[in-house]
Amino acid sequence: MKIKSVRARVYEWQGKTVPPQGNFCSNAMDLLYAPQETMSTFRFHSWTVVEIETDDGIVGLGNVALAPRIAKAIIDEYLAPLVIGHDPWDYEYLWQRMYRATHAWGRKGVTMAAISAVDLAIWDILGKSVNKPVFKLLGGRTKERIPCYYSKLYRTDLKAMQQEAQKFLDQGFKAFKMRFGYGPAHLQEGVRENLRSVEAVREVIGYDCDLMLECYMGWNLEYARRMLPKLEKFEPRWLEEPVIADDIDGYAELSRLSSIPISGGEHEFSLYGFKQLLDKKAVSVVQYDTNRVGGITAAHKINALCEAFSVPVIPHAGQMHNYHLTMSTLASPMAEYFPIFDVEVGNELFWYIFDGEPVAENGFLQLRDDVPGLGLTLKTEYLDQFRIVE
Ligand SMILES: O=C(O)[C@H](O)[C@H](O)[C@@H](O)CO
Ligand SMILES: [Mg+2]
């Protein structure tokens with residue numbers, strides 16, 4: 001079998017979006033004087049879809065949501081010529097070919113995300129060619145069902161956050177991730193607001209549910225040092241991305257300092273990036289995203305590394321490419337889950353592009369043994385609300 005063609009198209013959402021609310025999620029821009037709404041930099045309203053076809057007509061689907069137009073250009077210009085004409089079963093060779101050919105400028109960030117999208121499509125082909133779901137090629141079924149956590153609860157007025165938490169508690173979720181709205185720039189009032197929002201959510205879900213706290217790189221080491229002792233009484237499962245991804249020593253200090261597990265990884269790339277995080281004991285929960293980190297080829301290796309370090313892997317984002325990695329290893333106890341919502345930040349856009357994504361039931365997800373490959377097809381229902389860039 002040989003790869004015959006690689007097609008990368010950008011799906012740009014033109015439909016309704018929920019306007020960004022002020023302080024709905026602390027983020028890396030908050031520390032700068034940024035008069036415009038700071039989350040505008042972190043809105044994922046377009047997505048690159050990769051379709052790889054083999055000479056015997058199998059089509060594999062991949063996807064990438066970071067800098068989609070740039071990712072498409074990298075795929076068209078650099079990555080497609082490196083894989084066309086080759087056997088997709090030589091996936092390690094093809095991964096190394098893409099990684100090494102772009103190494104001078106691409107080891108992390110959008111190039112690694114583009115490599116991930118091509119790699120996902122290759123694995124989709126592998127599964128389809130042997131009529132097996134991808135997780136069966138990685139280690140098989142390690143769980144009857146995948147526990148997942150409800151991930152949204154962007155900061156808004158406390159009553160609305162409590163109603164949202166109640167709604168999904170009633171749907172059987174036992175774990176919830178909420179977002180802080182404030183960071184160092186918002187002074188003591190922001191500290192108080194942050195604590196009040198955690199208290200409000202805990203009031204609804206109680207202490208028999210897990211609560212994860214998301215900073216999305218919006219704090220810094222000094223602020224996190226001040227906040228951690230104040231958060232201990234809320235028994236968070238983890239505190240996520242308190243500092244920017246490059247501040248690995250900052251992560252390591254916070255991990256040493258507090259009993260609250262520090263999580264991160266959605267902005268880290270490649271096996272080597274995670275070796276560094278683990279060697280420095282920077283995180284207690286690893287959260288790579290398979291469509292960023294280097295695809296399934298890289299994520300599978302990182303799973304093994306995390307198993308050796310006894311650090312759990314709970315991939316960023318509830319999307320099919322991550323579920324196959326979680327299903328196939330005991331190192332990954334659960335998955336993140338973004339329910340279907342009106343398009344807001346864009347985490348939910350996946351639902352508008354693909355069919356096949358499992359819907360959570362009672363806080364669990366299921367992957368089927370009889371659906372080959374990744375298990376996704378391209379949705380047609382919302383096609384008229386996208387501008388497609390060929
Ligand atoms: O962990 C997450 O889900 C990410 O950080 C979100 O995608 C981002 O939108 C911030 O909430
Ligand atoms: Mg996060």
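1. Domain bounds here come from an automatic or database domain assignment. On that basis the protein splits into domain 1 (1–130) and domain 2 (134–378), and their centres, taken over C-alpha atoms, are 21 Å apart. A word on conventions: residues are numbered from 1 along each chain as its sequence is written, while chains are lettered from A and ligands numbered from 1 in the order in which they are written. Please keep in mind that this is a predicted model, where local features need pLDDT of at least 70, side-chain atom pairs count only at pLDDT 80 or more, and totals for chains, interfaces and linings use all residues.

2. Now the contact between the domains. Domain 1 contributes 45 residues and domain 2 contributes 44 residues, two residues being in contact if their C-beta atoms, placed from the backbone, lie within 7 Å. On the domain 1 side, at least two residues each come from strand E1 (3–13), strand E2 (46–54), strand E3 (59–64), helix H2 (91–101) and helix H4 (110–129). Helices (H or I, at least four residues) and strands (E, at least two) are DSSP runs, numbered from the N terminus. H4 has the largest share of that side, twelve residues.

3. A nonpolar core is a set of buried Ala, Val, Leu, Ile, Met, Phe, Trp, Tyr and Cys residues joined through C-beta atoms within 7 Å. The largest one has 114 residues, and Ile75, Ala114, Ala117, Val118 and Phe176 have the most contacts inside it. H4 gives the most to this core, again with twelve residues, and each of domain 1 and domain 2 supplies at least three residues. Leaving aside neighbours within four places in sequence, Ala114 contacts Val64, Ala71, Ile74, Ile75 and Leu79.

4. Lys72 deserves a look. Lys72 sits in helix H1 (residues 68–83) and counts as buried because it has 23 C-beta neighbours inside 10 Å. The cut-offs are 20 or more other C-beta atoms within 10 Å for buried, 12 or fewer for exposed, and partly exposed in between, with C-beta atoms placed from the backbone. Not counting residues up to four places away in sequence, Lys72 touches Ala8, Val10 and Thr48.

5. Finally, ligand 1. Around ligand 1 are Cys25, Ser151, Arg179, Glu214, Tyr216, Glu266, His316, Glu336, Val345 and Asn347, each with its C-beta atom, placed from the backbone, within 6 Å of the ligand.
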